[in-house]
Amino acid sequence: MALKVEGLRVYYQTLRGDVRALDGASFSVGDGEIMGLAGESGCGKSTLGRSLILLKPPMKYVGGEVLLDGDPLPIWDRERMAPYRYKKVSIIPQQAMNALNPTRKIGRLIRELLEARGVSSRDLLPELKRRLDLVELSHEVLKMYPIELSGGMKQRVVMVISTLLDPSLLIADEVTSALDVSTQKRVAEMLVGFRDHKFVRSMIVITHDISILYQIADSILVMYAGKLAEKGPTEAIVRRPRHPYTQLLISSLPEIGVRHTERRLSGIPGSPPPLLEPPQGCRFRERCPVAFDRCREEPPFEELAPGHLVACWRAHG
Amino acid sequence: MVELERVTKVYRVGTFGGRALKAVDEVSFEIADGEVVSLIGESGSGKTTIGRMILRLIPPTSGRILFSGMDISTLKGKALKDYYRSVQGVFQDPFSSYNPIFKADRVFRVVRQEFFPNVEEGEWGKRVEGALRAVGLAPGEVLGKYPHQLSGGQLQRLLIARALLLDIRFLVADEVISMLDASTRIDVLNLLAELKGERGLSILFITHDLALGHYLSDRAVILYRGCVVERGPIDRVFGKPYHPYTRMLLSSVPRLDRKWEEGKVGLKGQQAAPTKGCVYHARCPFPYESCKGERPHLVEVEPGHLVACHRIGETEVGKCRRQG
């Protein structure tokens, strides 16, 4: 198992109290697995991704543990996490195009980044060039400043930089969201290529767009209001979702070929509960069309079929 | 209702405005009464510029935009105010459409001051409530709140309600749902569909998302680098696309009913902006020599379905046309 997360809780400290953005997550990602992490804004998916690499205030570690390739990751300790960061766990952050230092040429930026970690940049240069080819960037970009590149090019530069040391786990946070459809497709395929070329062992792809995950992910984990709702093989989540939230979410997506006059889709009424003082029991209860008395109790996140886990009393009933 | 005639917009770019960038290049199409037209294109295609020109936020460099037969660039004073009574826009980011230090419903008060100073307080309150109900909002839940207390979907609907107070006939909806979550965006789309059905509202739906465009619209206009490459009835453009760009777009859309085909959509050639010839030739998988030199004109391949591609001349349809 490449990654194993047990009961992870990460809150945000605010003046009004703790916001329970990630409230008990237990799951694992296998070797070579691309796991999609889906959910709406504020569900905790980015909090989960970020907590695995850099937990900084107002984020607060509350509990749980993380094992990467069998070793515990000291995510609560910024200092002790340093040797793991970038080498073992890496991230392509949201809005990666803004992640590059504008005063450095790309080549120098990479050199400094590697030297800070005690890696010789000269040894890595041939590999760096090979990877630039792979993402269809000319080697000239090494001599350019970030401002000379387009958003999509900067994004690909960041993709290459984040995976240069062959991390075990890569977290890709909304990397395809701001891109045009044709670029989006290529970038998504490049992520799969990174896995296939073994640049990274496993990957968590965070996105709100389930249809992208259907194209590239092996499994999908759906979050709702700081809790895990459902995880399973991609095909099962898309074709046979068991959690009412996943079902409603998927049925609300317009597909090409669907027109409002022929088949009217509907959204999910209501909005997610406040995470400052979340309600007891299932957090989807108030919006759920099939909620019943038992939902006042929190449903366990348990396996229904091999690899398919659901947190819903109806599904377990 | 709205007609664009060879509308062009050139921006001066570079430090001293020394270079010209053609953001919109001789674009013509029309939007009929009660019709929803999707303007589909990727970033830099000029779709937003077209919307802004229709709203008269920026003037076209050449060409005309007609509203009910009148050239909108000639409108002044009262006529211009009347224009804004009938034509309004809603934009991508609902949060930046509000001033965060005022309550969100201030947008309604501004409309009253500007357009309806003679309407009484009580009567105005009723109108506001009616407009809010029409967009599916409960007045008690949204009135008197600050923007940060409302969700993106609610704010976007408030803006649509604001437009409805003006009794609009034409709405420019520029990426209105791209910032909303999946569970709420479909409700806003359905709302637009209802407004079209019940009030006969015409909508220019500007989007980069083909599935959303298809869900709502009667016709589609596909833009690439400021040029219309294909336009026609939505079912035809999506069902039988002719232009290689439209086909590439459709095959790149992530879908839940099928996986992407292997097949390389190259990223190279994307940067080059050709000054002559077909705008798409650098990325086109089957370019002709003539594509570099000569810009193809829009040709009608079937009733109402127009395509600008030199290859059309070689296909069955093209042959038929030449013979017939």
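This tour goes through a predicted model, one selection at a time.

**Stop 1: the sheet of chain A**

Select the strands of chain A. Eight of them form an open sheet, in the order S6-S7-S8-S3-S9-S10-S12-S11, and the pairing is mixed. Strand S6 (89–92) and S11 of chain A are at the edges; each has a single partner strand, so one side of each is left without a neighbour in the sheet. From one strand to the next, the twist averages 25 degrees.

Now select residues 34–38 and 202–207 of chain A. These are strands S3 and S8, which pair in the parallel sense over five bridges.

**Stop 2: the hairpin of chain A**

Go to residues 302–305 and 308–310 of chain A, which are strands S11 and S12. These two run antiparallel and are joined by three bridges. A:Ala305 has A:His308 in S12(A) as its bridge partner. S11(A) and S12(A) form a hairpin with two residues between them. In the turn, look at A:Gly307, which has a positive phi of about 80 degrees.

**Stop 3**

Select A:Pro57 and A:Pro58. The peptide bond that joins them is cis, with omega about 5 degrees. A:Pro58 lies in the loop between helix H1 (45–51) and strand S4 (59–68) of chain A.

Then select A:Glu136. Its phi is near 60 degrees, a positive value in a residue other than glycine. A:Glu136 is in the loop between helix H4 (121–134) and helix H5 (151–162) of chain A.

**Stop 4: the sheet of chain B**

Move to chain B and select its strands. Here, too, there is an open sheet of eight strands with mixed pairing, in the order S6-S7-S8-S3-S9-S10-S12-S11. The edges are strand S6 (87–90) and strand S11 (299–302) of chain B, each with a single partner strand, so one side of each is left without a neighbour in the sheet. Neighbouring strands are turned by 20 degrees against each other on average, direction ignored.

Within this sheet, select residues 36–40 and 202–207 of chain B, strands S3 and S8. They pair in the parallel sense over five bridges. B:Ser38 is opposite B:Phe205 in S8(B).

**Stop 5: a helix pair in chain B**

Select residues 121–134 and 152–165 of chain B, helices H4 and H6. Their axes are 9 Å apart and the helices pack at an angle of about 130 degrees. H4(B) and H6(B) are therefore oblique to each other. Their crossing is right-handed.

To see the contact, show B:Arg127, B:Val128, B:Ala131, B:Leu132 and B:Ala134 in H4(B), which meet B:Ala161, B:Leu164 and B:Leu165 in H6(B). By class, the residues of this contact are seven nonpolar, no polar and one charged.

**Stop 6: the two domains of chain B**

Colour chain B by domain: domain 1 is 33–52 + 76–239 and domain 2 is 242–324. The centres of the two domains, taken over C-alpha atoms, are separated by 31 Å. Where they meet, 15 residues of domain 1 are in contact with 17 residues of domain 2.

On the domain 1 side, H8, strand S9 (219–224), strand S10 (227–233) and helix H9 (234–239) of chain B each supply at least two residues. S10(B) has the largest share of that side, seven residues. The domain 1 side divides into 10 nonpolar, one polar and four charged residues.

**Stop 7: where the chains meet**

Finally, show both chains. In the contact between them, 33 residues of chain B meet 34 residues of chain A. On the chain B side, helix H7 (182–199), helix H8 (210–216) and helix H10 (244–252) each supply at least two residues. H7(B) gives the most to that side, with seven residues. The chain B side has 17 nonpolar, nine polar and seven charged residues.

Conventions. Residues are numbered from 1 along each chain as its sequence is written. Chains are lettered from A and ligands numbered from 1 in the order in which they are written. This is a predicted model: local features need pLDDT of at least 70, side-chain atom pairs count only at pLDDT 80 or more; totals for chains, interfaces and linings use all residues. Two residues are in contact if their C-beta atoms, placed from the backbone, lie within 7 Å. Helices (H or I, at least four residues) and strands (E, at least two) are DSSP runs, numbered from the N terminus. Ala, Val, Leu, Ile, Met, Phe, Trp, Tyr, Cys and Pro count as nonpolar, Asp, Glu, Lys and Arg as charged, and the others, Gly among them, as polar. Domain bounds come from an automatic or database domain assignment. Axes are lines fitted to C-alpha atoms, for helices over the stretch in contact, and angles run from 0 to 180 degrees between N-to-C directions. Angles under 35 degrees count as roughly parallel, over 145 as roughly antiparallel, 65 to 115 as roughly perpendicular and the rest as oblique. A crossing is left-handed if the near helix is turned anticlockwise from the far one by less than a right angle, and right-handed if clockwise. Two strands pair if DSSP finds at least two bridges between them.
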